[in-house]
Amino acid sequence: MKVLIVGGGGREHALAWKCALSPRVSEVLVAPGNAGTAAEPRVRNVEVGAEDVAGLVRLATAERVALTIIGPEAPLVAGVVDAFAGAGLRCFGPTRAAARLEGSKAFAKEFLRRHGIPTARSRTFTRASFDAAWLRAQNAPLVVKASGLAAGKGVVIAASTDEALASIEAMFAGQFGGAGHEVVVEEFLQGEEASFIVMADGAHVLPLATSQDHKRRDDGDRGPNTGGMGAYSPAPVVSAALHARIMREVIGPAVAGLAADGSPYSGFLYAGVMIASDGTPNVLEFNCRLGDPETQPIMMRLESDLTALCEAALERRLEREHARWDARAALGVVMAAQGYPESARKGDVIEGLEAAARLPGKIFHAGTRLEAGRVVTNGGRVLCAVGLGNDVAAAQRQAYALADTVRWPGVQYRHDIGFRAVAREQGAGG
């Protein structure tokens, strides 16, 4: 079978690499891909943009693609799955209606309240409905979110009501384009965050391995929020009891609620949850696709055939499937360009990739492209160095050995990815 992966980031490189390992797959197309996917065996980049829905349908038809997997959120929110279905093509992802869970944070908050799923208290405003007096009466810190898609950057943790007010005004003024025409203001929740990702077929779900992302740019969870600076799997914070609770209180009601609302959910569903001190899994956000960089360590651990799991979901028989996982931990370190997340310098030559390829682990490309035969930077998050190990500390050592081998001017990455899990392991061992 021929598979199409839509997108050009680190998540899509990991998906393409994983699908190409399947004996069922003859070739993986990636639209548009990056320098990393261009170098993978049995993988071919195609110059079709991830948001060119009509172009993707034409490509899948012409190439007789048997299965398409959508990586990023924008084409899902734009209705790419609906377009593929209309053309009789198999495409794994939620419909436009179901993808509103990510496309509109205001919609998601109302959905969570209506279906009794735990989440932070919040208010939603437009410029016309904004109530500054209400805002000033709240206790800081506050979380301010652009309701629409903002490439993972539309969230501000405001330390004061003045900072929250300034963030809201900036969003209304177009800081994130149309994404900020509607703004959600939430209470700030204390706890530990985890990424809980499942595959859904409209009625049933198959949980993937747990993971934990690191959103802040700098060591010690400091600096601005980003799309993610690293992740590891499994996440020790998600115990067996907590896993069952998230399935019971979050995932189950969400999938049942969407079906009851007339928008059955098929695809990857990501719940970012904040685990409170009493164990309550409060939903911070829903994503209608796999997380990035969570996908990279998760795919490194997945031993099952991803294409077979996607087909089972499309055929509404996911309840009969089981995913097999490498017992080792995986940890990914995102290597970002100078200026990220505010901006990103492009065109710097990346050195050390050949040396890194001889080391254990795997480097997935994100913001890269080929220029005159050399790999150069082409985005904010450039690479993700992933290591495997018998525990998170061992995976961390392998990942940083990779990251320390690669360089370009202005490269930046955190040096403490996985610190919470490593501390837990050291505590358990000592």
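**Aromatic pairs, cores and strands**

Reply: Seven aromatic pairs are counted in this model, where rings of Phe, Tyr and Trp (its six-membered ring) pair if their centres lie within 6.5 Å. The model is predicted, so local features need pLDDT of at least 70 and side-chain atom pairs count only at pLDDT 80 or more, while totals for chains, interfaces and linings use all residues. Residues are numbered from 1 along each chain as its sequence is written, and side-chain values use heavy atoms, with hydrogens and water left out.

Me: Why is the pair of Trp-17 and Phe-364 called edge-to-face?

Reply: The centres of Trp-17 and Phe-364 are 5.5 Å apart and their planes stand at 70 degrees; planes under 30 degrees apart count as stacked, over 60 as edge-to-face and the rest as tilted, so an angle of 70 degrees is edge-to-face.

Me: What parts does the pair of Trp-17 and Phe-364 tie together?

Reply: Trp-17 belongs to helix H1 (residues 10–20) and Phe-364 to strand S19 (residues 362–365), so the pair links parts that are 347 residues apart in sequence. Helices (H or I, at least four residues) and strands (E, at least two) are DSSP runs, numbered from the N terminus.

Me: How do you know whether Trp-17 is buried or exposed?

Reply: Buried means under 20% relative accessible area, exposed over 50%, and partly exposed in between (1.4 Å probe, protein chains only). Trp-17 has a relative accessible area of 16%, and is therefore buried; Phe-364, at 0%, counts as buried too.

Me: What makes a set of residues a nonpolar core?

Reply: Such a core is a set of buried Ala, Val, Leu, Ile, Met, Phe, Trp, Tyr and Cys residues joined through side-chain atoms within 4.5 Å. The largest one here has 50 residues, and those with the most contacts inside it are Leu-4, Phe-84, Ile-246 and Phe-286. Helix H10 (residues 240–260) gives the largest share of this core, seven residues. Apart from it lies another core, of 39 residues, among them Ala-16, Tyr-270, Met-300 and Phe-364.

Me: Why is strand S22 described as largely enclosed?

Reply: Eight of the nine residues of strand S22 (residues 381–389) are buried, so the rest of the structure largely encloses this strand.

Me: How do you know which strands pair with S22?

Reply: Two strands pair if DSSP finds at least two bridges between them. Eight bridges join strand S18 (residues 329–336) to S22, and four join S19 to S22, so both meet the rule. S18 and S22 run antiparallel, as do S19 and S22.
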